[in-house]
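This briefing covers a ligand site and some side-chain contacts. The structure comes first, and the notes follow it.

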Amino acid sequence: MRGKVWKDTVAVVAVIVLVALSGCGVSSSVAPEDNNETDDLYIYGENGDLIVVGFSQIGSESVWRTANTESVESTFTKENGYFLLTDNARQRQENQIKAIRSYISQRVDYIVFSPMTEDGWNTVLEEAKEAGIEVILMDRRANVDESLYTTWVGSDMKREGEKAAEWLEKDLRAKDILYDTVNIVILQGTPGSSSELGRTAGFEAIASKYKNWHILDRETGDFTTAKGKEVMRKMLRQYPQIDVVVSQNDDMTFGAIEAIEEAGLTTGVNGDITIISFDAVRGALELVEEGRINVDIECNPNQGTYVEEVIQKLERGEQVEKAYVVEEKVFTKENVSAYIEDRNY
Ligand code: GYE
């Protein structure tokens, strides 16, 4: 197999480097600090039979993201046969591109990454293709030709947005106010990310069927609690009557609830403002149970094992699908209790 052959070659090169260094009187057990390439030769030389995966993560903006990183790190371990290189891009696409380029130059076997935004990946993925490295997209999608990546593993974000609107339809119908005026604001995630684009499009496709549903505003809270709170506070000052907040992740929801309560209003099942959230992390499910969040549309961050299954298939030379969609639920006060205990993120 391509990767294995290469690693064997590197093992030989690494030995040669070691011999050369010791010949020059340089300690052979310590690789030079600022020379990544040499560093990596040492790494691969020691781990010639491991599958090398370069992972570029977007950042650590949310509880979901931390769980997602953890799912990759706990899956691609040496015990499982992998050598994992990771990079946290701290919310900058250029950092992700830099990390991917470094994985290409290190000739890893697989590049796994969650594209921060959908656009802007053509050049770097062309480079990966040219180098013959398999690229697996995880979580968010990239707006590129399908030939530039092997597969994508993640959630159907548009469907998540639709589920949010379907729940609202059902809730309003049950209260017999489906055709009354409903004032809605949307706290959006990172602009141009698939999660923001999909959840907005899915929700709005259904909302547009109702002339009485008014989307007063949509603004980004960057998927963070601090920004979610700031934006919510501003919207509360701007709009005297908000009936529904659609918050595209739980972290922003936490901030929004704080802002609403500080303004002397209540949220949730018997509250002044209906809260629709996404992700379903444990802290949010507890608020669903308390009735302070009405509904939480699950987004499953445990994608490491799915990605690993794909890699195992590729290693066996099997065909893989172009997309794998993970399973997700919808949580309300009625069903949430059974799931809280097992939620480890
Ligand atoms: O909802 C949010 C995170 O792309 C699905 O990114 C992911 C989103 C998730 O930061 O919490």
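In this predicted model, a side-chain N or O atom of Arg 65 lies 2.9 Å from an oxygen atom of the ligand; a polar contact is a pair of N or O atoms within 3.5 Å, and within protein one must be able to donate a hydrogen and the other to accept it, while residues adjacent in sequence count only if both atoms are side-chain atoms. Local features need pLDDT of at least 70 and side-chain atom pairs count only at pLDDT 80 or more, whereas totals for chains, interfaces and linings use all residues. Residues are numbered from 1 along each chain as its sequence is written, and side-chain values use heavy atoms, with hydrogens and water left out.

**Ligand contacts and cover**

- The side chain of Ser 195 places an N or O atom 2.8 Å from a ligand oxygen, and for the side chain of Arg 199 the distance is 2.9 Å.
- On its own the ligand has 300 Å² of accessible area, and the protein covers 100% of this (Shrake-Rupley method, 1.4 Å probe).

**Shell around the ligand**

- The ligand is surrounded by 13 residues, the closest being Glu 61, Arg 140, Ser 195, Arg 199 and Asp 279 (near means a heavy atom within 4 Å).
- At least two shell residues come from each of α3 (63-75) and α7 (194-207); helices (H or I, at least four residues) and strands (E, at least two) are DSSP runs, numbered from the N terminus.

**Salt bridges**

- There are 24 salt bridges in the structure (a side-chain nitrogen of Lys or Arg within 4 Å of a carboxyl oxygen of Asp or Glu).
- One of them joins Glu 204 and Arg 218, at 2.6 Å from N to O.
- This pair links distant parts of the chain, 14 residues apart: Glu 204 belongs to helix α7 and Arg 218 to strand β7 (residues 213-220).

**Thr 220**

- Strand β7 also contains Thr 220.
- A polar atom of the Thr 220 side chain lies 2.9 Å from the backbone oxygen of Gly 189, and one lies 3.0 Å from the backbone nitrogen of Asp 222.
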